[in-house]
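Me: I would like to learn how to read the features of a structure. Please take me through this one.

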Amino acid sequence: MEFNISLVNRISAKAVLPDSMQVVGITGPSGAGKSSLLRALAGFEPEATVSVNWFGEGAKSIATAKAGSATKTVNAISACNAKNALAPVRVGLVFQQPMLFPHVNVKGNLALAQRHAGSKALAVEHALAGCECEHLLHKSIDSLSGGEAQRVALARALVNGPDVLMLDESLSALDATLRSKILRFLVKTCGRLNIKLIMVSHDVQDLALFCDGLISVEDGAVDAAGSVAYVMAKIASQGSVENPCAILEGEIIPHSDDFPHPFTRLNVSGNILYAKATVQSDNERNTNNNTEQGLDSNPRQARGKIAVFASEVSIDTNTQVNVPSSSILNALPCEVVKIYYPETLQYNNPQSNSQQLQTAIVMLSHGAQTLYARVSTLSIERLKLEPGLSVVARFKLQ
Amino acid sequence: MLESSAFAAVGLTLKLAFLTSLLLMLLVTPLAWKLATWQHKLKPVFMSVLALPLVLPPTVLGFYLLVAFSPQSPVGEGWQWLTGHQLAFSFEGLVIGSFIYSLPFALQPLYSGFTQLDKRYVEVAHSLGFGKIETFFRIILPLCKAPFIVAFGLSFAHTIGEFGVVLMIGGNIPGETQVLSIALYEHVEALEYGQAHALSFGLLLFSFLLLTLLYRFNGKGGQAWSSISR
């Protein structure tokens with residue numbers, strides 16, 4: 001996808017992301033213009049100058065192929081443009097406030113959304129089940145709680161079937177477990193139906209776990225855009241996120257009776273990590289309809305992702321990973337890459353010029369994977385941390 | 001007890017009130033929607049022009065309308081050219097006069113209803129693929145049901161109660177321009193107090209019932225009324 005947006009005094013944003021990125025997250029401090037950016041992208045800001053290409057060359061070539069006769073290339077392209085103009089990309093936007101129509105009930109809202117259901121629309125039962133709101137079908141809008149209303153609003157958008165679905169903090173009223181369950185369903189469904197998902201969330205972990213790409217917005221401009229790892233590294237180095245979040249990928253070890261503990265085990269290049277929840281399996285993203293039920297022929301191959309917050313990570317200079325010496329279960333041998341002293345993390349205490357109160361972000365690498373640790377500058381001095389040093393990152397997982 | 005001319009006056013009044021309110025709904029709705037989203041430094045001027053009939057003595061309004069309706073003025077002349085008869089002292093003239101006289105009563109509830117309506121409902125409707133007309137009938141109209149009922153009811157009641165404007169532009173032609181309030185005035189002039197009592201009490205009862213109904217429809221404390229100065 002590619003966009004270039006300008007809105008006088010508020011937004012001047014430009015970004016290009018690979019079209020293969022199905023789920024794109026937008027992050028940034030509050031007031032950075034995330035919502036305005038989404039509104040402009042959705043075409044709700046009449047004063048904004050918007051040029052956006054959602055599906056890039058892929059969509060164009062499909063349209064050209066449809067336009068037929070290969071001999072007249074020029075005509076085919078103009079026909080394709082005309083076709084695009086006739087059938088514009090449909091954008092669905094779900095706000096933080098669910099904006100359900102209060103004059104009809106939940107069923108009525110879904111029925112209104114079905115009136116112009118697109119080719120990517122989901123059946124009502126399927127959408128309701130995925131958004132965990134089957135039991136709400138006959139309820140009036142007034143009687144819904146905040147979280148219920150947000151789920152119904154999401155179901156309404158899915159029943160309508162847009163080409164691009166934008167979520168502006170749309171699941172903020174849900175607890176973490178339910179939110180990640182619904183996000184999992186959403187990412188899977190959008191992958192299957194080729195719906196581009198753009199989501200704004202204050203939850204860095206959600207964004208890191210579920211997005212393919214990230215856009216970081218600051219002061220109405222795009223600060224960084226690209227893969228999750230790239231953008232996370234950039235915002236971590238600037239200190240614009242207080243607690244950056246890293247993603248580790250590995251193979252999920254299936255449950256077996258000889259390991260009776262309530263953990264999901266993840267094999268990250270030979271190191272076993274123990275997570276309680278929030279393992280996002282890549283299999284769920286499979287666009288192949290045959291594996292929709294999650295029945296993979298070889299479950300040993302299942303890959304999973306976990307999010308690790310910098311605040312959960314401690315650094316150990318004793319590099320003997322295989323000898324358990326700490327109650328913290330997870331250990332990963334790493335190398336120190338960089339140490340950042342983001343300004344936003346420094347305590348502004350004019351009375352004291354002590355450096356020991358300061359906090360730093362240590363960027364660690366484990367092979368190609370990156371981890372962040374938030375430690376005090378005192379620890380850095382005592383452990384003599386410096387780039388190139390081999391250490392062990394120990395961390396808790398949720 | 002009432003004579004046939006009284007029945008004619010009642011019928012004419014109801015017809016006038018209904019036609020006026022209907023026309024107001026049709027024409028003022030898009031105007032109110034436009035105004036609710038319009039931002040311009042001249043907006044206060046425009047708004048006060050539209051609210052003038054609220055405060056202007058009806059005779060002033062009636063006088064200007066009479067001048068405009070006369071066959072010598074461009075408006076009256078144009079009407080005569082189009083229809084073949086003159087606008088002053090005609091039922092059509094009364095409709096136009098009542099339209100202007102009652103316009104603020106239709107505009108105010110709709111305007112405040114539209115400004116209070118969260119525009120994101122409209123955005124959601126558009127994003128769900130609704131066209132403009134469809135959004136109006138399926139979303140805006142049901143969401144603004146109360147303001148619409150209040151606007152219609154107030155225009156209706158206010159048109160029934162008008163006197164000064166009709167006196168100036170309508171004359172007193174039974175069956176054509178003699179509305180209830182004028183007929184009542186006639187009876188008092190002729191010292192026919194029995195007739196006057198019957199008409200007055202009928203109007204009083206009718207207005208009371210209509211307002212009670214409106215208050216019931218406008219359940220939420222009648223906020224649409226607060227913007228109306230009488």
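**Helix, sheet and chain contact**

Reply: Helix α1 (residues 34-42) of chain A lies across β1, β2 and β4 of chain A, at about 110° to β1(A). Axes are lines fitted to C-alpha atoms, for helices over the stretch in contact, and angles run from 0 to 180 degrees between N-to-C directions. Helices (H or I, at least four residues) and strands (E, at least two) are DSSP runs, numbered from the N terminus. This is a predicted model: local features need pLDDT of at least 70, side-chain atom pairs count only at pLDDT 80 or more, and totals for chains, interfaces and linings use all residues. Residues are numbered from 1 along each chain as its sequence is written, and chains are lettered from A and ligands numbered from 1 in the order in which they are written.

Me: In what order do the strands of the open sheet lie?

Reply: Strands of a sheet pair through backbone hydrogen bonds, either parallel or antiparallel. Here the order is β2-β1-β4 (chain A), with antiparallel pairing; two strands pair if DSSP finds at least two bridges between them. β2 (11-16) and β4 (49-53) of chain A are the edge strands. Strand β1 (residues 2-7) of chain A is joined to β2(A) by 6 bridges, and Leu7(A) has Ile11(A) as its bridge partner.

Me: How many residues does each chain give to the contact?

Reply: Two residues are in contact if their C-beta atoms, placed from the backbone, lie within 7 Å. Chain B gives 12 residues and chain A gives 14. On the side of chain B that touches chain A, α6(B) gives the most, with 5 residues.
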